[in-house]
Amino acid sequence: MDSTASTPQTPPTPTIPLEVTDQQNSALLEDTLALLNTNDPKKADKHGLTEIDRWEEVLRASERPGLAKIIQELGTLREQLNASDTEPHDLAETLATLGAETNKVADETSDNYSAPLNQLGKLLIKLSNVLSR
């Protein structure tokens with residue numbers, strides 16, 4: 001009996017790794033910092049959710065170790081922002097974790113991203129403090 005007869009004949013879809021340039025990474029960092037500096041963290045809007053999606057895509061494409069926790073927390077953040085019953089304290093916790101994890105990555109980065117990532121981490125923690133009041 002042929003063992004392949006019972007297996008699906010559709011080959012798995014190959015995943016093509018997303019190539020992200022330094023210029024795109026810098027633009028994403030700048031966009032996120034500008035967004036966080038100008039918006040109320042309590043208000044979920046389409047632009048903020050799009051930014052979360054962009055980060056998830058870029059981080060998943062990265063071969064850098066230690067990003068799984070950030071990707072997980074971004075998913076949690078999206079769920080919290082989409083839910084109507086999210087408590088500010090829960091949102092603050094997620095932002096604080098994202099900030100701390102971002103600072104860890106910034107500390108391990110030896111290229112031009114260290115300073116803006118550190119700034120992003122501090123800003124996320126600052127926003128978490130605002131929400132937890």
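Author: Let's start with a term: a residue is buried when its relative accessible area is under 20%, exposed when over 50%, and partly exposed in between (1.4 Å probe, protein chains only). This is a predicted model, in which local features need pLDDT of at least 70 and side-chain atom pairs count only at pLDDT 80 or more, while totals for chains, interfaces and linings use all residues. Residues are numbered from 1 along each chain as its sequence is written, and side-chain values use heavy atoms, with hydrogens and water left out.

Reader: Okay, is Glu101 buried or exposed, then?

Author: Glu101 is buried, because its relative accessible area is 12%.

Reader: What is Glu101 in contact with, leaving aside its neighbours within four places in sequence?

Author: Contact means heavy atoms within 4.5 Å. With those neighbours set aside, Glu101 touches Lys69 and Ile70. Across the chain, take the contacts between residues at least 6 apart in sequence: 59% of them join residues at least 24 apart.

Reader: Now charges. How do I read a salt bridge, and how many does a search of the whole structure find?

Author: Side chains of opposite charge can pair when their charged atoms come close. The cut-off used is a side-chain nitrogen of Lys or Arg within 4 Å of a carboxyl oxygen of Asp or Glu. The search turns up six salt bridges. One of them pairs Glu101 with Lys104, at 3.1 Å from N to O. Both partners are in helix α4 (residues 88–108), three residues apart, about one turn of the helix. Lys104 counts as partly exposed, at 47% relative accessibility.

Reader: Where do Lys69 and Glu73 lie?

Author: They are both in helix α3 (residues 68–82), four residues apart, about one turn of the helix. Lys69 is partly exposed, with a relative accessible area of 34%, whereas Glu73 counts as buried at 9%.

Reader: Which residues are linked in a network of salt bridges?

Author: Asp31, Glu51 and Arg54 make up such a network. Within it, Arg54 and Glu51 have their closest N and O atoms 3.2 Å apart. Those two share helix α2 (residues 46–61), three residues apart, about one turn of the helix. Glu51 counts as buried at 3% relative accessibility, and Arg54 is partly exposed at 30%.

Reader: Last one: at what angle do α3 and α4 pack?

Author: Two packed helices are described by the angle between their axes and the distance between the axes. Axes are lines fitted to C-alpha atoms, for helices over the stretch in contact, and angles run from 0 to 180 degrees between N-to-C directions. For α3 and α4 the angle is about 155 degrees, and the axes are 10 Å apart. That makes α3 roughly antiparallel to α4, because angles over 145 degrees get that label, while those under 35 count as roughly parallel, 65 to 115 as roughly perpendicular and the rest as oblique. Residues making the contact include Lys69, Ile70 and Glu73 of α3, and Leu98, Glu101 and Thr102 of α4.
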